[in-house]
Amino acid sequence: MIKGKNIKRILAVLMMALMMVSFMPAMGVFADETGDAPANEATGNEVVATENTGNTESTNETTSNEAANGESETKDTAKGSETGETTETTGTGETPAEQPAESENQEAENKVIKAYITISDGGKIVESQNGELVALAPIELVGKPTYSLDDAFKNAHEQYNKDGQSAYGTTDSQYGPMVSKFWGVENGGNYGYQINGGDVFVMGPTQEVNDGDIIDAYIVVNDFQNIEAYAKFDKFFVETTEGEEVVLTLTKATYDENFNMVFVPVNEAQIRLETVDPTAVMPGDGTAQAGLMTDENGKVTFVLNKAGEYYVIGEQVKDLDGKTVPTITAAVAKVIVAAKEASGNTEPEPIAPAPTTPTDDKKTEEKPAAAPQATKPAPAASTNAVPKTGDEQNVAIYAVILVVALAGAYTLKRNR
């Protein structure tokens, strides 16, 4: 039997073992090999929020990394136990979701669009103060949320007319604003304008203009019975290659029995080609193709053999009371001709390696490239109070238990 004195000794040994196990985390027995602090330990001035089930906990984190301007930013973090979502507010009191909406409003107030305009007078495209044709000329509108034809006309006059915006004007009428002066011409309102080849029903200079729109504005010279018809090609921009055929169709506007605008082919219209750059000379190899005309279907076919940018202009006139007058407004298309690739084998020839110059009589041996070293992935951060160390922790516990068992066995042996 075990005597009372021996029982006390065994209990004392067990108490010491339990105390050692209890104080091992504090003494660093189970710490990581690297000596890093636990993942949830607070560092610096940061305040770490712990999860609280059933309640909503809010903490204030203050960061002072704005040393350059001496300002500090406070983030209020609200963590809900049910959704786990986090809402942040900045020092202005606005949530991040509200800030993009404000920037979108600013972008809308400063919208930038690009449109293209062609201006003709009496069936002929006008020239700018620099001698360039105002044909599909780019205009850029900035500083407003929306734009109208009036904005486009002002911009075009400011950019291309020698008299600027003073060559353009509007007046009020019973139907709203109307153009009273265009390109310096005041003729009582005999002006016309179309957007995207007549696809938009235009109600006057207040008509909205959008990014990429193509505007045709024209000054008519004939009376109402013989007024020239609005004309257009089926394409405004064409991209092609040297030597390839280009086919365009010219049509003009008319009205059906319901006063809807419809387009019909223009037969025997004169077609001429010009370079976009007024200083460039049309090549003398037949690309000008003088005498081009449309057929009964309004089609014209031609070839451009030199790379560059060209205007294709459609015009038609007739004799009226001994005067030559236009029957259509000037139509224009811009053709961009790319250079033709050179024929033959275009594969590059192999390049022979440069000879090496030995530094001695021995052959130079190349050293094999060093094998890439494997990168040990960083251990994942733990959210427990004591980080797990795997087998090392288990070995320490087993060692304590073994010591206690040996001590007890030794005591029993001595008692017997």
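Mentor: What follows describes the cavities and their linings. This is a predicted model, in which local features need pLDDT of at least 70, side-chain atom pairs count only at pLDDT 80 or more, and totals for chains, interfaces and linings use all residues. Residues are numbered from 1 along each chain as its sequence is written, and side-chain values use heavy atoms, with hydrogens and water left out.

A cavity is a set of points, on a 1 Å grid over the protein atoms alone, where a 1.4 Å probe fits but cannot get out; lining residues have an atom within 4 Å of a point. Points are joined across faces, edges and corners, and a volume is the space filled by probe spheres set on them. The count is two cavities of 30 Å³ or more.

The largest cavity holds about 50 Å³. Its lining consists of Thr118, Leu136, Asp216, Tyr230, Ala231, Lys232, Phe233, Phe236, Ala330, Ala331 and Val332. Strand 13 has the largest share, three residues. By class the lining has eight nonpolar, one polar and two charged residues; Ala, Val, Leu, Ile, Met, Phe, Trp, Tyr, Cys and Pro count as nonpolar, Asp, Glu, Lys and Arg as charged, and the others, Gly among them, as polar.

The second largest cavity holds about 30 Å³. Among its lining residues are Thr118, Asp216, Tyr230, Ala231 and Ala330, which also line the largest cavity. Strand 4 (111-121) and strand 12 (214-219) are the elements giving two or more residues to the lining of the second largest cavity. That lining has six nonpolar, three polar and one charged residues.

Technical notes: 1 Å grid on protein atoms, 1.4 Å probe; cavity = no way out; pocket = protein on both sides within 12 Å on 5 of 7 lines; lining within 4 Å. Helix = DSSP H or I, 4+ residues; strand = E, 2+ residues; numbered from the N terminus.
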